Structures are given as C-alpha cells and as structure tokens.
Amino acid sequence: MTTSTVVSGALWVVALWRLPSIRHSRKQRSLALTLAALALAMTFEVPQVRDAVNAAVGADVRLSPLLKHLLGVTSAACLLDFVVAVVRPQGLARRIRWAALGVTLPLMTGFYAMANWPNAEVSEGWRPVFPVLYTAVFILYIGISMVAASWLFLGGVRHSRRFLGKVGLGLLGAGTLLGSLYAAQRVAFVFIRLVTGRQYPDLENIVSTMLKQWSILAIALGVCLPPLSVAVDYLRAWRALRQIRPLWVQLTDAAPHVVLSVMIRRTRVPLRLERCVIEIEDACLALREYVSVDVRDRARALAHLEAVPPNEIDEVTEACWLRVAVDCTRGGQRLEGVDHPALGVTGRDRQSELDWLQAVSRAYVSSPVVRKFLRQEKSVDCSVVSGPERVSSHDHN
C-alpha cells in the first residue's frame, strides 16, 4: 500500500465524517467541500486510479494531473472561505476571491489543453510556454491563498477559547504554511529550469510530495480537533451533571418550587447541567432560611474536630448545614431575625462553581461527618424533625 493510498484513505474518512455538516452553515459547508476536494484530488495520486483515468482518455493524454490540480485549487478556495468565516466573520474580499477562482480554473484548463503533454520540455522553444503558464497560474493561486490562510489561521489561535481549538487552528495554520512552501519550491524548481536549463525531477518529486502530503495531513488533523474539543466539553458536562445530580435530587426534593416545568431532552447535556446548577443555587437560597449561621459554625467546628483535610473543610461544612436544612423542611419553620449561612458557591467562576458543587455533592452523599452532624443537631434541637429519607420524584435533569 502506497503513501498516497494511505493519505487518500485518511482524507476520505475525515471528509465523509464532516459531510453531514454541509447543510449547517456557510463555514461548515466550506470545510466539508475543502475535505471532499482534497480527498478526491489525492485519489488521483493513487497509482491504480491515475493509470485507469489516463487509460480511459487515451495514452497520449494525461488527464489525472489536471483533475488533481483543479481540485487542489478548489480546495484552497474553500479552505480560505472557511478560515475567513471563522476568523473574519465580517468578510474579506469575497467577490475578489471567487472572481480569482473563476479566472484560475478556465485558464488552467486552457493552458493545459494547449501544452504538448507529455513531451513538453522547457528547452523546446515557444511551445513549452503553455506548461510554464499552466504551472504559473496554479502555483500563483495556491501560493497566495495558502499565505492568506496561514496568516488568518495563525492569527486566530489567540482568540480561540478552547485548548484543542487553539491546537486545531495551529495545525491548520501549519498545514497552509506547508502549502505555501509547496508553492515556493515549485516556483524555485521552475526558475532553475528556465535559467540554467537543468532539471532535478527526482528531487523535485520528493520535496513536492513530502510538502504536499504533510500539508494535507496537518489540515485534516487540524479539522478534527475543534469538533473533538466540543466532544470533550460534552463529556465533561456529562460527568459534572452525573456528580452533582445526587445533590440536586435532595435539595429540590426539599424545595420543589425551584424546579422549572420546562422539559429538556436528555441528549442536551450542557443545557441540563446549566439548569441543574441554577436550580441547586435557588434551592440553597431557599433552604438557608431554615438554619442560622450558628449551624454552619458548629459544622465547621465538627469538621476540624474530625480531622477533615483542610482543602475539604469548606465543602463538608456546606454539606452539613444543607443536610440539616433539608431535614428542617419536614416540620420546621423558617427562622426569622437571625443571620443565615452564606452560600459557598457565590462569586465563583464557571469551572470553580462546578468543582465546588461536585465536592459538596460528594460530601452530602457519602461523608460520615455530615451524617454525624445531622444526628448531633437532632439530639440538641427538637425543631429538627426526624423522618424517613424521601425519594425525589423529579426527573427533569
């Protein structure tokens, strides 16, 4: 199996994976078309495909290089359209870009038809001007579009909010930069041929193939990372929701009025997580009215007495007074004229908020200190009415 076959197969896998997104938006459509054009272009480098195409149109006509280059130009145009949509949503010379594509494709086709393929050589007089013009138009378009795409991709790295998104844009920028080097080396070899009359076909083929394949693979990998970043965020949200749900069940069972009536599909995990966090915070605000700040202070004292690790004392303390407040809702009254505990979740950023709630949920469900504190408060405060554990009937999250 040749390298071109492996690269082509990998591209087809990525292209087919991204193909359903073609209907979602302009940038997704441009990206899907980029991958499809690249995959098809690389398919014409597979020896069996190349030979079959050339044989179908005649032994003296090499059609596969033209098709490959036309598809390469098309993929460069679509990739440039994609990066403009991502980095410059306000647009960037859209009419000029598509006009340049509209001129490049017919020029390449015309010059290729007039060239004396496959026997044209630079030293043969006026006729080889058409292969030179064909190559010049192709390289000029690829070079300019790849330089512009590299500038936009690498400039957009600092604006990406996700780590994998930054890496993906960096790989896309590296891939287009390699595409620029591919165009530069093609120009260099043509210049050497014109000036000195010397040719280095083996070296040119090695350098050209290496730069082209590495460029395509970097672009394909860069395309995969941003969606992977979304998948990673989805899994993180699912894990966070799974860990805070036990706390949500207990708190909303004691304060059912905080639960919204609108249903959310189970597959929309980030939205369910957001709602779960909001309802937990609303329930905490309602439950804090059943206990005084003294309860929180006693909970902290017990946590120190039970040698709870210092980095867990705040979370265990929060779980303790929440457990007592939940129990108080079964028969107690809201306390008036006293100071109530402050919420530990207040004033945190998004990730710190989730980490806090997960830690409080673990302590609420499994900490022996929390259970001991509840028993201790029941024995000294008759207003805390004992009763069987309730099972929540809520199933919104």
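Visitor: Where is Ile 192 placed?

Guide: In this predicted model, Ile 192 sits in helix 7.

Visitor: Why is Ile 192 called partly exposed?

Guide: Its relative accessibility is 31%. Buried means under 20% and exposed means over 50%, with partly exposed in between, so Ile 192 counts as partly exposed.

Visitor: Happy to move on to the rings! What makes the pair of Phe 82 and Phe 153 tilted?

Guide: The ring centres lie 6.4 Å apart, and the rule asks for centres within 6.5 Å, so the two rings pair. Their planes stand at 45 degrees; under 30 would be stacked and over 60 edge-to-face, so this pair is tilted. By this rule there are two aromatic pairs.

Visitor: Which parts of the chain does the pair link?

Guide: Distant ones: Phe 82 belongs to helix 4 and Phe 153 to helix 6, 71 residues apart. Both residues are buried.

Visitor: And which residues touch the most other members in the largest nonpolar core?

Guide: Leu 251, Leu 273, Ile 280 and Val 316 do, in a core of 49 residues. Helix 11 provides its largest share, ten residues. Leaving out residues up to four places away in sequence, Leu 251 touches several residues, including Ile 280, Leu 322 and Tyr 364.

Definitions and conventions. Residues numbered from 1 in each chain as written. Predicted model: local features only at pLDDT ≥ 70, side-chain atom pairs only at ≥ 80, totals over all residues. Heavy atoms only, no water. Core = buried A, V, L, I, M, F, W, Y, C linked by side-chain atoms within 4.5 Å. Buried < 20%, exposed > 50% of the residue type's maximum accessible area, 1.4 Å probe, protein only. Helix = DSSP H or I, 4+ residues; strand = E, 2+ residues; numbered from the N terminus. Contact = heavy atoms within 4.5 Å. Phe/Tyr/Trp six-rings, centres within 6.5 Å; stacked < 30°, edge-to-face > 60°.
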